[in-house]
Amino acid sequence: MTSASSSPLPHSLLERLQPSPRMPVLFLGHGSPMNAIEDNAWRDSWQALGRELLAKGMRPQLILCISAHWLTESDWALTGMARPRTIHDFGGFPQELFAQQYPAPGAPAVAKALAAELHAPADGSALRLDEHWGLDHGSWSVLKPMFPEADIPVIQLSIPYALAPRRHFELGRQLQALRERGVLIVGSGNVVHNLRAIRRDLESSHQAYDWAQQFDAEVQQRWDGGNLADLANFLDWGPQARLSHPTHDHYLPLLYAAGAVHEGEAPRVFNDGFQYGSLSMRSATWGMPG
């Protein structure tokens, strides 16, 4: 199999973003890494979503992905390499999963421009470029089913975990303008993510802990009501929040996606249910053309 490091570079890398019809925003519950290769409803939905976008003429110039699996300390970074590597940031899975590659190109010139254009909400500082990370499984496991040709440039935006949740939502607000420049915003995490509570004996996607179902429903209520800013206050909602997120790395990508939503855009949920009782697969698009 051709590796990302040995694949040829595209003839011309994306140099700048052009005005476009407004692109949608996606939040994808990615769940287990095995969803990238298993024949299941979650992967089927990602494949169908990618086909729908292309059929409706919504081919992105660039995909900006915020994955739960790239955490930085207190500053934001953008991948700035021409050829991001495929990162297999997991263990204990079959070799078939480790063999997966997603050799999508990067966009160094665009990354450099975005690093100067976007700014940290707290102090206005510019974002930094990172030449080492690549595409972790929070990105490629969902993008490969959606866009299997791997011919759309991808940039990842890191998550500075030490910052307050509202800061992540505020940076998401800055991403709104990119949607009119051909950028597909993709947040990849999980509405509920508690690996300590996984129940592999559960066979139905409708089986989950009461606290997981409660938190999942509270997120959906805010989606339905357009109260997306309150998603940043999730730690104040009650004990179900801490049970749903012993660490909240998988929740934070939702705040970027929510911040990039324009007022009045309604969610279209295309996945719901749970994996193993404690991983919510709830996923939605905002601004998807009819």
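**Ground rules.** I number residues from 1 along each chain as its sequence is written, and side-chain values use heavy atoms, with hydrogens and water left out. Because the model is predicted, local features need pLDDT of at least 70 and side-chain atom pairs count only at pLDDT 80 or more, while totals for chains, interfaces and linings use all residues.

**Entry 1, largest pocket.** I looked up its volume and found about 270 Å³. A pocket here is an open set of points on a 1 Å grid over the protein atoms alone, where a 1.4 Å probe fits, with protein on both sides within 12 Å along at least five of seven lines; lining residues have an atom within 4 Å of a point. Volume is the space filled by probe spheres set on the points, which are joined across faces, edges and corners. I found 19 lining residues, with Gly-31, Ser-32, Pro-33, Phe-93 and Leu-195 nearest the centre. By class the lining has eight nonpolar, eight polar and three charged residues (nonpolar: Ala, Val, Leu, Ile, Met, Phe, Trp, Tyr, Cys and Pro; charged: Asp, Glu, Lys and Arg; polar: the others, Gly among them).

Of its 15 lining residues, Gly-226, Leu-228, His-262, Glu-263 and Gly-264 are the closest to its centre. Helix H6 (residues 210-225) gives the largest share of the lining, three residues. Helices are DSSP runs (H or I, at least four residues), numbered from the N terminus. I noted six nonpolar, five polar and four charged residues in this lining.

Helix H1 (residues 41-55) packs on helix H4 (residues 137-146) at about 55°, with the axes 7 Å apart. Axes are lines fitted to C-alpha atoms over the stretch in contact, and angles run from 0 to 180 degrees between N-to-C directions. I looked up which residues meet, contact being heavy atoms within 4.5 Å. On the H1 side they are Arg-43, Trp-46, Gln-47, Leu-49, Gly-50 and Leu-53, and on the H4 side Ser-141, Val-142, Pro-145 and Met-146. This contact has six nonpolar, three polar and one charged residues.

The axes of helix H5 (residues 165-174) and helix H8 (residues 252-259) cross at roughly 35° and come within 6 Å. Among the H5 residues in the contact I noted Phe-169 and Leu-171, and among those of H8, Leu-255 and Tyr-256. The classes here are seven nonpolar, three polar and one charged.

Note on methods: Helices (H or I, at least four residues) and strands (E, at least two) are DSSP runs, numbered from the N terminus.
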